[in-house]
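Subject: Structure handover

Hello,

Here is the structure for you to look through. My notes on it follow below.

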Amino acid sequence: MTGSRPVRVLIADDQMMVREGFSVLLGAMPDIEVVGEAVNGREAVRQVAALDPDVVLMDIRMPELSGIEATREIVAADAAARVLILTTFDLDEYVYQALRAGASGFLLKDASARQLAEGVRVVASGDALLAPGVTRRLITEFSRLAERPQAPGPGQYGELTERETEVLVQIAQGLSNAEIADRLFVAESTVKTHVSRILVKLSLRDRTQAAVFAYEAGLVTPTPGGPR
């Protein structure tokens, strides 16, 4: 819920059955409203500008403009909409690219109605869908597969305090604010403040982008067993 109104959702997928299925599932939720659909990335970009949704459910492989490129254009336009990528395990190789393009997280297409609705709510609230199980493993894999640039110099994250850097690493490990607070023996509100400062100092959009930054900066090293 954004304020007192339902979360406004745009569904972008070139498969009609997928669009209709998600529309029915989300339409049954009292706090979510499906305001439009798009059959390709180009239309998704146009619909975001016209309908001003809170969340875009974005397929990766679409004609005319891919979900990755559409996400990049939506983020570049400074739209308020947050992008939630829809994927299958067959498309793992593309998801990390989508996160780098500015997506706020991703869901598997076989997600339950509850998981789908909760994912929409999480992203709409300004958080990122980045934490449990599959996300953690995939982020690790994408970090290994992605072409890793040189680690940013001190000027790029040197403004972070030691505690903020510690929080950033734990964000990249998929921990929630409550889990980070428990590890650092501080209040959850303190962690929220650290997260906000990290995003501002690094000019990042949300926790997902913070996690990607941490991997690319070499602050977190992917291992076969998971992030460290």
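Two strands pair if DSSP finds at least two bridges between them. Helices (H or I, at least four residues) and strands (E, at least two) are DSSP runs, numbered from the N terminus. This is a predicted model, in which local features need pLDDT of at least 70 and side-chain atom pairs count only at pLDDT 80 or more, while totals for chains, interfaces and linings use all residues. Residues are numbered from 1 along each chain as its sequence is written, and side-chain values use heavy atoms, with hydrogens and water left out.

The sheet

Five strands form an open sheet in the order β2-β1-β3-β4-β5, and their pairing is parallel. β2 (32–38) and β5 (105–108) are at the edges with a single partner strand each, so one side of each has no neighbour in the sheet. From one strand to the next, the twist averages 25°; angles run from 0 to 180 degrees between N-to-C directions, and axes are lines fitted to C-alpha atoms, for helices over the stretch in contact.

β4 (residues 82–87) pairs with β5 in the parallel sense over four bridges. Ile 85 has Phe 106 in β5 as its bridge partner. Helix α5 (residues 113–124) packs on this sheet and touches β1 (7–12), β2, β3 (55–59), β4 and β5, where contact means heavy atoms within 4.5 Å. The direction of α5 makes about 125° with that of β3.

Helix pairs

Two packed helices are described by the angle between their axes and the distance between the axes. For α1 (residues 16–27) and α5, the axes come within 10 Å and cross at roughly 75°. α1 and α5 are therefore roughly perpendicular to each other (angles under 35 degrees count as roughly parallel, over 145 as roughly antiparallel, 65 to 115 as roughly perpendicular and the rest as oblique). Phe 22, Leu 25 and Leu 26 of α1 meet Ala 113, Leu 116, Ala 117 and Val 120 of α5. By class, this contact of α1 with α5 has seven nonpolar, no polar and no charged residues (Ala, Val, Leu, Ile, Met, Phe, Trp, Tyr, Cys and Pro count as nonpolar, Asp, Glu, Lys and Arg as charged, and the others, Gly among them, as polar).

α8 (residues 162–172) and α11 pack with their axes 8 Å apart, at an angle of about 100°, and are therefore roughly perpendicular. Leu 168, Ile 171 and Ala 172 of α8 meet residues of α11 including Arg 207, Phe 213 and Tyr 215. The contact of α8 with α11 divides into eight nonpolar, no polar and one charged residues.

The second largest pocket

A pocket is an open set of points on a 1 Å grid over the protein atoms alone, where a 1.4 Å probe fits, with protein on both sides within 12 Å along at least five of seven lines; lining residues have an atom within 4 Å of a point. The second largest pocket holds about 160 Å³ of space, its volume being the space filled by probe spheres set on the points, which are joined across faces, edges and corners. Its lining includes Val 75, Arg 100, Gly 102, Ser 203 and Phe 213. α4 (92–101) and α11 (207–216) are the elements that give two or more residues to this lining. The largest share, four residues, comes from α11. By class, the lining has five nonpolar, three polar and three charged residues.

Regards
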